[in-house]
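Subject: A structure to look through

Dear colleague,

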Amino acid sequence: MADITDDIDSLFAEADRLIDAGNPEGYGLLGEAHYIQGDYENASVAFEKGIEMKDPRSMYDFALMCYDGLVDNSRYDWYDAEKYMEMCYKTESDISVEAAVWLAEYFLDSAEGGDPEFAIDYLNYAADKGHKRATELLADHYFSLAENEDFKNEEANSLAFKYEQKAYEDDPHEQSYNYGYMYFYGIGTPVNLRLALKLFEEDYEFGHKEGAEALADYYEKEGMEKDAKAWKKFALNAKRKTLERDN
């Protein structure tokens, strides 16, 4: 197996080959090689050249460097991250989708961009390109809006369900509980208790405790003590396994 030195040498060699061929992607690769080595000054120089030649990867990586404070502070600062991510997003390249999601999370954060309307535009772009994280963020955003309206706003409920359904289709492993919640309480869709309970079970089968806890709570309220006790045990087991995995 090649060690990190071999990998770095390969990156530099490929970067040189691309640059010699007039391909601006070489500067993005060169910048990444310097970055891996912790040489942020030369990484910046390479990314700057790539940006000059309109290389999307250079724009994206340099934005991250600005955000992390790894650039020349006399020339750039934290706010420049948004500028270069926006440049990357406008290239409509493969990585522009990642830039859109970064920008969306930036604007969703009240301590950073603080403009959810901008965020939604970016998320819709990325979701239309099939980005799972974008769909998940849209589902979370509209659920929060619906929740803020005490689930009395049918338009908000409908949007919450629409994006949660898509999020589940994209990633049932992580979305079974949320999707089941929508059916359990009839948020944006008619109540379907049978399907909700099935989705909660599915969530538990994927190794999560939330589905088991929901089932334990349901059976307890229904007076089905034996089932409630069993699902409480399953929930504890799932929680224990998660802790063991995380540690």
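Two residues are said to be in contact, or to touch, when they have heavy atoms within 4.5 Å of each other. Please also keep in mind that this is a predicted model.

Asp61 is found in helix α4, which covers residues 56–67, and if we set aside the residues up to four places away in sequence, Asp61 touches Gly28, Glu32 and Phe47. Is Asp61 buried or exposed? Its relative accessible area is 11%, and since buried means under 20% relative accessible area, Asp61 is therefore counted as buried.

Two packed helices are described by the angle between their axes and the distance between the axes. Helix α3, made of residues 40–52, packs with α4 at an angle of about 140 degrees, and their axes are 8 Å apart. That makes α3 oblique to α4, because only angles over 145 degrees count as roughly antiparallel. The crossing in which α3 passes α4 is left-handed. On the α3 side the contact includes Phe47, and on the α4 side it includes Asp61; among the other residues that meet here are Tyr40, Ala43 and Ile51 in α3, together with Met59, Phe62 and Met65 in α4. Sorted by kind, the residues of this contact divide into 7 nonpolar, 3 polar and 2 charged.

The next helix to look at is α5, residues 80–90, in which Asp80, Ala81, Tyr84, Met85, Glu86, Cys88 and Tyr89 are buried. Against which helices do the buried residues of α5 pack? They pack against α3 and α4, and also against α6 (96–108) and α7. After α5 comes Glu92, whose phi is positive, near 55 degrees.

That brings us to α6 and α7, whose axes come within 8 Å and cross at roughly 155 degrees, so the two helices are roughly antiparallel to each other. Here too the crossing is described as left-handed. The residues of α6 that take part are Ser96, Val97, Ala100, Val101, Leu103, Ala104, Phe107 and Leu108, and they meet Pro116, Phe118, Ala119, Tyr122, Leu123, Tyr125 and Ala126 in α7. How many of the residues in this contact are nonpolar, polar and charged? They divide into 14 nonpolar, 1 polar and no charged.

One residue of this contact can be followed more closely. Ala119 is found in helix α7, which covers residues 116–128, and it is buried, with a relative accessible area of 0%. Leaving aside its neighbours within four places in sequence, Ala119 is in contact with Ala104, Phe107 and Leu108. The C-alpha atoms of Ala119 and Glu105 are separated by 6.9 Å, although these two residues are 14 residues apart along the chain.

Helix α11 itself runs over residues 193–205, and its 13 residues reach 18 Å from the first C-alpha to the last, close to the 18 Å expected at 1.5 Å a residue. After α11 comes Gly207, whose phi is positive, near 95 degrees.

Finally, Asp227 lies in helix α13, which covers residues 225–246. Asp227 is partly exposed, with a relative accessible area of 32%, whereas Asp61, described above, is buried. Asp227 and Ala216 are 11 residues apart in sequence, and their C-alpha atoms are 7.1 Å apart in space.

How values were computed:
Residues numbered from 1 in each chain as written. Predicted model: local features only at pLDDT ≥ 70, side-chain atom pairs only at ≥ 80, totals over all residues. Heavy atoms only, no water. Helix = DSSP H or I, 4+ residues; strand = E, 2+ residues; numbered from the N terminus. Expected span 1.5 Å × (residues − 1). Buried < 20%, exposed > 50% of the residue type's maximum accessible area, 1.4 Å probe, protein only. Axes fitted to C-alpha atoms, helices over the stretch in contact; angles between N-to-C directions. Parallel < 35°, antiparallel > 145°, perpendicular 65-115°, else oblique. Left-handed = near helix turned anticlockwise from the far one by under 90°. Nonpolar A, V, L, I, M, F, W, Y, C, P; charged D, E, K, R; others polar.
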